[in-house]
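This report concerns the packing of helices and the arrangement of strands in a predicted model. Please consult the sequence and structure shown here alongside the text.

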Amino acid sequence: MTSTLPPPAAPTDTPAPPTAARRPRPRLGVGTWIAAALLGLVLLVAVIGPLIAPHDPTGVVGLPSRPPSGEHWGGTDSTGMDVFSRTLAGTRIDVAIAVFSTLLATALGIVVGLAVGMNESRRGPVGMAARGLSRLLDLLQAIPVVIIGLVVVSFFGTSTVTMILAIAVILMPIQARLTRTEVLRVRGDAYLDAARQAGQHELRVIVKHVLPNSVRPALLNVSVILGISIVLTAALGFLGVGLPPPTPEWGSMIAHGAGDAAVGKWWSAGFPAAALCITVASASVLTHRFTVNRVG
Amino acid sequence: MPAPPRLRRLARAAVAVVALGLVATACADTGDSASGSGAARDTIVVVTGDQASNVVRDYGFTNGTDNQEVTNSIHAQLIRKPYIAEEGANVQVQDLYHFEPFLAQSYDVSPDGKVFTFHLRQGLKSQQGNELTADDVVWSFERKFSSKGGGMPGYYAPMLTDIDKQVVAVDKYTVTFTIDQPGYGFTLLGNLAENIGSIYDSTYLKQHATADDPYAIQWGVSSMMNGNSGFGPYMLQSVTPNQEIVMTANPNYVFGPLPIKTMIRRVVPDAATRANMLVRGDADVALDLRPSDQADLASNPDVFTPTASSNLYHSITLNTKQAPFDNRTVRQALAYAVPYDQIVKDVYHGRAYAYQHLLDDKQPYYDESTLPKYTYDPARAKALLAQAGITTPVSFTLTVSNASPSVQDSAVVLASAAKDAGFDVKINQVPAAQLFSDGLAGRLQANMGTGSAVTMSPPYELQLVTQPGGGSNLSFWSGPDYDAFAQVMKQGLASTDAIGPEAGPLWSKAEGMLADSAANIFVARVMSPYSLRADVHGYAQRTDRRIDYAAITAGGEQNS
């Protein structure tokens, strides 16, 4: 007869991981509700925008440079494409690039931040690699983000996927550094040593104990990253390295219409610019409400 | 804590002073341009999108309007094309088929059509005060052929290949050019009349030559202000990088004192701002305007926009070595998928005209009956594709320069219209230099852009886009059709006069073969992107579409 010993139980006196003290939930102001409604509208348009666009957003559907009218609510651009339809359709592209690049940047950032934070004080090649990676993150953050974007897009060409990759590469260091800082704070805590003494594998310790206690700043930062990502997508489009025409994308639409705006034909740049402002401002207000106020 | 009352009073006073200052500044006259005064002016302000950075043509061709206008203004040539009236135009144009003396007093041609003798004006001095001699002409051509950067051997091939033998100073004021075939003669004269035929002051440049730099090319490039080495109407007075270039009249100019003594060339990168400056009278000449801005300016009585024929073609080049355009039927189908009229009307706002071929239709003995009649006909395009057994949609990437808004817009219009004709067009925007290098390397399926021939000679124009290995041949057209075309070209070049009754029909025949191949689809001719204040007179549409500032006057009656 064989018997199996039960796995060693964790000592009962293992210190519990720290938890944030609960504070009374602050009341949400009108501005917050407006921002939330606008951002919700933007996300809704991102989903159904192309379906409700009154005209083909990539086709020439009217005379060029016509002001807003009943037929073309946002007027037409210099080629005769419908500005309102393109602004609606552009929401999906800009938001999709922003969301996916934010998710990718956050996921990569957390992994890199964990790896660096847990290993940079070690001796030997692993420690050296972690410290090298940490300096690389510093370097990436020191280079202007648009320059990194231009380089990545120049190497891999312009497509939705390369835009997502480019922006994720730009934003990843922010998330990685936030995570690393938290990892440095928690990695010496007693409950980690207790878990190790209980026989848990180092990877399990990291995933089960370090990750949950160090990921919160990066997750709170997601809304900031989302706003930056939308602006970056538009910035690359504005600089002419965004998605190729006639793809509706806010930045390239603004760049295309900027010359017309200077001679009074404001609409071809005005509508995408307004959409961009509303999206980024809403994200910014919500971020401020849920992060800065809470910290304070 | 609130500021003390005294501080508040001081702050208010400061704000008032700043506000008054701003108002006074806004109302002040800039003083450069005297537009609207009615009196003749001797200073004009030109607003340009870029700034000349290299006026040494033999160092290398530098794109950009300002480079070419400044270089043109510094230099002069042995002969030039006279200005003549054109039907339907509101300005004069250049006569492409005749030449008049410029630095030369006269020229004559030997009976066999192979020797061109130029008799120079005597006592004519350069910007540096040195007299023009035959040695200047010979040395100028030695310099042009000494450097590959300027591409001069290419421009002059096959007319001039051995400068030592072919360009000879007979005496102090006489120089001869000798060519192998009389058929090259017209193209040679055409080249000599353009900026690639500029004559330099060799006495001045030799003073700055070294063993390593025997033609003072590097010295010339080392500073823009070293560029005053010609016989042209204007010379550089000052260069402020990225701001302005001031040019002053050459006191030794061949045709005497110039009405415009000072030309201020101010850099204003945004086209709409340039248009606004012209409207406000802050500029006399605005370069490189957008067609839409020019269309808007048409109703402004204070602004004059030249309307005349142009040699700037807007075309699509198809790579005949890459699918799907390695199939002539697919190329021809695309030629029926181009919305020619829509591009002219909606993209160029009437500042272009439909023109579906390469050669000038006013050239002697021109016959357009050889040309296929391409129009926007999506049904015919689809029928051709079906006839060739091609599955639709036919997808391809059309590459355009990201520095050409009109071409970018045309690509969007084409992509939209070609859907109905069975084509799926993906647009790729790249920098102009990349488009050119990728095109020459054969990496592009198709590209759209604008271009023109330096010399409006039929054989030169036809060879420009077809010559194997040529710098403007991005279609790589070859095979039996090309061989037949080349044979016709050879017959034309062997004739005694390139614009005579024997050669003329041959050029038309060759052009018909080129159009039938559809390796190049010619969409339109684009008019000058310049507008002027209505009291600026004398503008003439040059072949190179640059302004001859020696012919300009300012002030007095307004153009209409």
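## Helices H1 and H2 of chain A

Helix H1 (residues 30–52) and helix H2 (residues 83–119) of chain A pack at an angle of about 130°, and their axes lie 7 Å apart. Axes are lines fitted to C-alpha atoms, for helices over the stretch in contact, and angles run from 0 to 180 degrees between N-to-C directions. Helices (H or I, at least four residues) and strands (E, at least two) are DSSP runs, numbered from the N terminus. H1(A) and H2(A) are therefore oblique to each other; angles under 35 degrees count as roughly parallel, over 145 as roughly antiparallel, 65 to 115 as roughly perpendicular and the rest as oblique. H1(A) passes H2(A) in a left-handed crossing, the term for a near helix turned anticlockwise from the far one by less than a right angle, with clockwise giving right-handed.

On the H1(A) side, the contact (heavy atoms within 4.5 Å) involves A:Val42, A:Leu43, A:Val45, A:Ala46, A:Val47, A:Gly49, A:Pro50 and A:Ile52, which meet A:Leu88, A:Ala89, A:Thr91, A:Arg92 and A:Val95 in H2(A). By class, this contact has ten nonpolar, two polar and one charged residues. Ala, Val, Leu, Ile, Met, Phe, Trp, Tyr, Cys and Pro count as nonpolar, Asp, Glu, Lys and Arg as charged, and the others, Gly among them, as polar.

## Helix H5 of chain A and its partners

Helix H5 (residues 160–186) of chain A packs with helix H3 (residues 124–142) of chain A at about 135°, with the axes 9 Å apart. H3(A) and H5(A) are therefore oblique to each other, and H3(A) passes H5(A) in a left-handed crossing. Residues of H3(A) in this contact include A:Ser134, A:Leu137 and A:Asp138, while those of H5(A) include A:Met172, A:Pro173 and A:Arg177. The contact of H3(A) with H5(A) divides into six nonpolar, two polar and three charged residues.

Helix H4 (residues 145–156) of chain A also packs with H5(A), at about 145° and with the axes 9 Å apart. The crossing of H4(A) and H5(A) is right-handed. A:Val145, A:Ile148, A:Gly149, A:Val152, A:Val153 and A:Phe156 in H4(A) meet A:Thr162, A:Met163, A:Ala166, A:Val169 and A:Ile170 in H5(A). The classes here are nine nonpolar, two polar and no charged.

## Sheets of chain B

Four strands of chain B form an open antiparallel sheet in the order S6-S7-S9-S8. Strand S6 (104–109) and strand S8 (167–171) of chain B are the edge strands, each pairing on one side only; two strands pair if DSSP finds at least two bridges between them. The twist averages 25° from one strand to the next. S6(B) and strand S7 (residues 115–120) of chain B run antiparallel and are joined by five bridges, with B:Ser106 opposite B:His119 in S7(B). Helix H6 (residues 185–192) of chain B packs on the sheet, touching S6, S7 and strand S9 (174–178) of chain B, and its direction makes about 30° with that of S7(B).

A three-stranded open sheet of chain B has the order S3-S4-S23 and mixed pairing. Strand S3 (83–84) and strand S23 (540–541) of chain B each have a single partner strand, so one side of each is left without a neighbour in the sheet. S3(B) pairs with strand S4 (residues 92–94) of chain B in the antiparallel sense over two bridges, and B:Ile84 stands opposite B:Val93 in S4(B).

## Basis of the values

Residues are numbered from 1 along each chain as its sequence is written, and chains are lettered from A and ligands numbered from 1 in the order in which they are written. In this predicted model local features need pLDDT of at least 70, side-chain atom pairs count only at pLDDT 80 or more, and totals for chains, interfaces and linings use all residues, while side-chain values use heavy atoms, with hydrogens and water left out.
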